[in-house]
Amino acid sequence: MAAQSTANAGSYVLDGVIQAVKQSTVSAQATGRIASFNVKAGDKVHAGQVLASIDDREAQVGIQRAQAQITQADAELRNAKSQMERTRDLQLQGFVSKAAFDTANTQYQSAQAQREQAKADALQSVIVQGFTRVTAPMDGWVLQTFVQAGDVAAPGTPMLVVYAPQPLRAVVQVPASRSQAVRQAKHTAVMVGSGTSGSNQSITPLNRLEVPSSDPVSQTTEWRMDLPAKDAASLLPGQQVRVSFAVESNTTVSRLVVPASAVVRRNELTAVYVVMNQHFALRSVRLGDDLGSQGVEVLSGLRAGELVATDTLRAAQADAVPAAK
């Protein structure tokens, strides 16, 4: 049977997914072996909670070295101050020149600067040691972990993902052929449920945003819709939803449809058998809305007029050939 274009009034329905608006990938800021990793996926965390610790022995040595530098700088500062004061008294009595006092004063100021530098180095060492404790950036839940105790951490290396349970948004990838119609849609609804009659929960998003970029491979544009906290309380990031973009009642949309019997679903693969060179070839397609007796909408992977098999069991056989017209 040939894939056909049909004109319908109503809406576009696309598959979408729930995302957390506030989500953070937590990375290490220090290098070292992970001494402890205190959380796992699904754990609830609080802002500032220590999630992991990195071996800080090197950082402790740095703090001790900085403290020793401060002690040395203090001693040199006291000596330079005493030397400057003695030279000042002698210069006032006329026993030394003004140049000698200027030299002693310069050495005193240099000692002051060295002490300030030593204090700054000590503060930096404390900050570096703080980087060995990885803390939660927000109240929320651990979505995913990438490391465990004993692994080596490095600056910028992701360790885990934390998300806040609210707010949530629905994200849908809109094909380029549908972009204009979606922009003109008067009403948008996020549908949650199994899809059977009467089992869907319909949520009206607070707003919708088109991300101003297109995927170069799939030629789709991402749309984001923030959801009301009350209606989205039972939703989870990663959950599949359907998003409906309603068009005006006097507007018809052209859809490419195939019979529901022509669709093959194998695990994550959705495909149809297409007639090519007097044989059947399995081709992956992206489906849209179920139009009931009219068939199933095909968003990509198939062109109008191409022949598809409605008897998928027979088409799957190695020696299967299309029936003569």
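Let's start with Asn277, which counts as exposed because its relative accessibility is 71%; exposed means over 50% relative accessible area, buried under 20%, and partly exposed in between, using a 1.4 Å probe and protein chains only. This is a predicted model, where local features need pLDDT of at least 70, side-chain atom pairs count only at pLDDT 80 or more, and totals for chains, interfaces and linings use all residues. Residues are numbered from 1 along each chain as its sequence is written, and side-chain values use heavy atoms, with hydrogens and water left out.

Where is Asn277? In the loop between β19 (269-276) and β20; strands are DSSP runs of E, at least two residues, numbered from the N terminus. Asn277 has a positive phi of about 55 degrees, although it is not a glycine. Gln278 sits in the loop between β19 and β20 too, with a positive phi of about 65 degrees. Most residues other than glycine have a negative phi.

Now, is Phe280 buried or exposed? Phe280 is buried, because its relative accessibility is 17%. You'll find Phe280 in strand β20 (residues 279-284). Leaving out residues up to four places away in sequence, Phe280 touches several residues, including Tyr273, Ala309 and Pro322; contact means heavy atoms within 4.5 Å.

Let's move to the largest nonpolar core, which has 22 residues. Such a core is a set of buried Ala, Val, Leu, Ile, Met, Phe, Trp, Tyr and Cys residues joined through side-chain atoms within 4.5 Å. Its residues with the most contacts inside it are Val172, Leu227, Leu235 and Phe245. The largest share, four residues, comes from β11.
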